[in-house]
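Work through the exercises below with the structure open. Each task is followed by a worked solution.

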Amino acid sequence: MSSIKEKFNQISPSEFFYRNRDLAGFSNPTRSLYTAVREFVENSLDACDQKGIFPDVHMSIKAVDSEKPDPKPYILTVKDNGPGIESKHVPLAFGTVLYGSKFGLKQARGMFGLGATMAILYGQITTNKPVFVKSSTDGKIQDEFELLLDIQKNKPVILKHTTKEVTKRGLSVSICLEGDYAKAGSKIKDYVYETSLITPYATITFDDPKGEKFHYSKIVNEMPPAPTIIRPHAHGIDVETIRRMMVESQFEIPTIDDAMVEKVRKDLGLGKKNLAFTGIMDKAKKRWKTLSRPVRVVIALMSFLKMDFDKLNKIRIEDIDVSNKKLFYWDFGDSQSKSVEMDSESPYYKQLTGTIQGETLTTFLTKRFQRIGPTTAVKFAEFAGFKPEKRMGSMTNQELVKLSESLQKFEDFLSPDPSCLAPLGEEPLEKGIKKFFKPDFCEVIQRPASAYSGFPFIVEMGIAYGGEIRPGGPHVYRYANRIPLLYDEGSDVVLKVVNDSDWTRYKIKGDPPFVIVTHICSTRIPYKTVGKENVADRPEIERELRLGLQFLSRKLAAYMSKRGQAEMAKKRANLYAKYIPLIAQFSTELSGKTKEPNYKKMLEEELIVDDKQS
Amino acid sequence: MTTNKAKDRKLKTNEKQKSIIDALKMHGAKVYDDLENGQFPKFSIPSRSVSNIVYDKKIRQYILGNSAALRSSRNSSQLRSFTQLMWLAFFANRLTQEKKSSTLRDVYYSSQAFDIEFEDQSESDNIIVDLEAILSKPREDFHIFPEERSSIFGDLNIEYTIPGYEGKTMNLSNHPDGYAIGPSLTTAELLDTSAEIVIAIEKGGLFTRFVEEQVDKKFKSIIINTGGQAPRSTRTLLKRLHDEMGLPVIVLTDGDVYGEHIAMVIKSGSANAAHLRDLTVPDAKWVGVWATDIEKFKLPTIPMTESDIKRCHDLQSDPRYQEGIWKKELDVFLKIKRKAELEAFSKYGLTNITEKYLPQKLELAKSL
Ligand SMILES: Nc1ncnc2c1ncn2[C@@H]1O[C@H](COP(=O)(O)OP(=O)(O)OP(=O)(O)O)[C@@H](O)[C@H]1O
Ligand SMILES: [Mg+2]
């Protein structure tokens, strides 16, 4: 169980996505009903996964008026046993677009921070009804919200907020939306079915509007290990991201208040003693090595201000102008802004500029990115044409662009760290496939981690043949980050790879009963649309898919030839059973005997026939 | 004396029958024992592939060499044909025991009563040849006969041995169309004859002519129509006439390479029947129509076809065509590239062949 407090970041307004709702999968009542189901179910599974809870998800769709013809309003409710959302975050998480906790670098179903809100938005637009959210993080108190969305302002409007005592943790969302279950029903059922295949550790229940109940119990008793959040890889970075990281890399100039002064005095070991300016400086020099950064910054400022603690109390630092070597401050006593020159030769000057201009390039690289050591950082600086000790804060816009371009191009970075990925694992995948398809043959593979433009990914695959699988294969089940992909099949990279396969080469002919399951895990699945339905072809991903499929196909071919042999043996046994009795009958009359020879034993014995003998 | 001789012959026929039945029983018992001991039974069948057919100079016929193929019931791809062979042996045993005869076509249909499927008659014919090879006995010995019939005419008394006719006798000059050579005739006892020679002739038309012209009386002969390539029953009968009645055999064919070979097969067998002996009359003589006769008798001719020429070349590499008239006539055919039929003599009158040509050839035969 991880105890990371998820950071909620808000990125951009709802207006934009309202105008682009087609992209997000809310184009018509059929598609929208299906997409809404997905968004809520995936949020529930994500939440449970992250906390290591075996998901137990209940989903129900009820018609508001069952007599009306489709499309018509439906009430969609999804309830889970996950961690819930803290009361104060609920309105933001469900009432704001691009508000999510999953932007950090690790694998999750959610990526954009807009799924739930889009569904709610769609419901509100089509039925003008609020969303009901019930959330309990402790299993004791449950917060119940009734929310509407203010589209222009990208802000939630709380209609009602109450609390209630409960016994179970978890979250439940309920919306009213225009849908067409007559058309969307089969897709939704497929979705639930396929989701339970790739989430064999979850229990999923679906009550459909016609009163049918679909229940999939969990079939494995181990959760796949949760992914860890990691630093980004240099290859997957752009200028905007570098800017955001730089902000974090700069140290703020400490506010010099009473508490700060007290801390400096203490660190210099002054006690109640009042030292003059030079005395303070001497003391500081002696203790420099033991001092913390904020204390050093205060000392450096004092060295240019030439002030003791008393005087320091009466001013406020306004600005440090590094290029003009000037320090500006506000004097409370004179109520005016003043400045002093800074001596660039002074060691204190270095301390100050270092703090303001942030980390050096090499420190920035080794500390903020994954898989870059000091040696690689220096090599990279040379490659990009920067001094290794160049301060990040001193970079111009042009230099930042050059830096980001060089980061993409430099080839000596180690490949991305896959520990942020959460593949299902070969064993659960195999169990799931066996349970779902009841095949005669099943083989799975997890390819080693690989990366495309800075994003690590892992391909998992399974192949199954015979048994209860229907003919007409290969039937392809595509997954990405444990989401089944059901729409837009034609343009998907997985299907491209499968269709390129020449199955006759693997002894598979006719109308074969076989299934291929693919699962791509990545911190960033290259979806073609926000609707998350098909994966674009990246050569690296395509290659891994191909290798995986080749491996499995070879296994299948080996099985098929064994199966062929077994069928041959059976045929042969049938031949013996047919002909040996005849031979016995004829030989009995020919030899003038009355009783037939005892050949039964021969038929029972396993017959290993060397057909080459003759 | 005659009755003694007849008894002798009867004994011989019975012996022959017994040896077939014994052989079949022996093979059957072997298979029975194998099964009883939990072993897959198998047969060793003399190989009939070209590489195993050799010409035996001493007995002047093609025979099979020593290589044999194993047909095992253990081998699933041979199991079916093994069973077919077993069935045939079983069926042949019944035929022989019950003295019933059957034809190749009959065999094909009879199999269906026993759940033995033959895909077509050629498959069952092949199995019959397999059994012949195993027993080294022609199928006629186990009462399977071909459909094609050739015919016989002349003063010859026979006594039937087939069930229902046993003891009944017949003179083969009583019916001018001749008598079909079938199972009852080949298995009949040959009692006595006034004839001094057997004339085998290739064509039905000429056979009728010879009967009309009373060649049997004029030349003290038995006339046999081989109907093209002589069937085995006819060859068996020819052999018996030669061996049992002491009659010389002469052969008269069309003047072409096929005619020459018809005579050769009667004399020394065919490669197809290399697994069988006792079908040949090594002393038989081909008296015409020779290639040299075409010139000599100024016969109307027709040109040889491509296949005729090819056949000539094929036969040139046959060891039996390396000397004597066989080689000489073949060379001439190849040289003149023309051929003449027996009917060609009609140019000089319908009786020309019996009145002029035949006497000359009969005379010549004595010196051949
Ligand atoms: N069932 C839930 N339990 C706990 N937290 C939830 C649940 N549903 C949503 N959340 C929180 O609300 C946030 C917003 O969800 P939303 O679906 O809008 O975005 P997302 O899942 O991050 O990305 P995406 O747009 O790809 O779905 C999530 O990031 C998550 O932190
Ligand atoms: Mg989501």
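A salt bridge here is a side-chain nitrogen of Lys or Arg within 4 Å of a carboxyl oxygen of Asp or Glu. The model is predicted.

**Exercise 1.** Count the salt bridges between chain B and chain A, and examine the one formed by B:Glu117.

Solution.
- Step 1: The count between the two chains, B and A, is two.
- Step 2: B:Glu117 pairs with A:Lys578.
- Step 3: Their closest N and O atoms are 3.0 Å apart. The cut-off is 4 Å, so the pair qualifies.

**Exercise 2.** Describe the interface between chain B and chain A: how many residues are in contact, and what area is buried?

Solution.
- Step 1: Chain B brings 33 residues into contact with 28 of chain A.
- Step 2: About 2800 Å² is buried between them, and carbon and sulfur atoms give 67% of that area.
- Step 3: Take the area that chain B buries against chain A. B:Tyr32, B:Leu35 and B:Arg74 supply 25% of it, more than any other three residues.

**Exercise 3.** Classify the packing of helices α2 and α5 of chain A.

Solution.
- Step 1: Helix α2 spans residues 29-51 of chain A, and helix α5 spans residues 181-198. They pack at about 25°, with axes 8 Å apart.
- Step 2: Angles under 35 degrees count as roughly parallel, so α2(A) is roughly parallel to α5(A).
- Step 3: The crossing of α2(A) and α5(A) is right-handed.
- Step 4: Contact residues of α2(A) include A:Leu33, A:Val37 and A:Val41; those of α5(A) include A:Ala184, A:Ile188 and A:Tyr191.
- Step 5: By class, the contact of α2(A) with α5(A) has nine nonpolar, two polar and four charged residues.

Note on methods:
Residues are numbered from 1 along each chain as its sequence is written. Chains are lettered from A and ligands numbered from 1 in the order in which they are written. This is a predicted model: local features need pLDDT of at least 70, side-chain atom pairs count only at pLDDT 80 or more; totals for chains, interfaces and linings use all residues. Side-chain values use heavy atoms; hydrogens and water are left out. Axes are lines fitted to C-alpha atoms, for helices over the stretch in contact, and angles run from 0 to 180 degrees between N-to-C directions. Helices (H or I, at least four residues) and strands (E, at least two) are DSSP runs, numbered from the N terminus. Angles under 35 degrees count as roughly parallel, over 145 as roughly antiparallel, 65 to 115 as roughly perpendicular and the rest as oblique. A crossing is left-handed if the near helix is turned anticlockwise from the far one by less than a right angle, and right-handed if clockwise. Contact means heavy atoms within 4.5 Å. Ala, Val, Leu, Ile, Met, Phe, Trp, Tyr, Cys and Pro count as nonpolar, Asp, Glu, Lys and Arg as charged, and the others, Gly among them, as polar. Buried area is the accessible area (1.4 Å probe) that two parts lose on being put together, summed over both.
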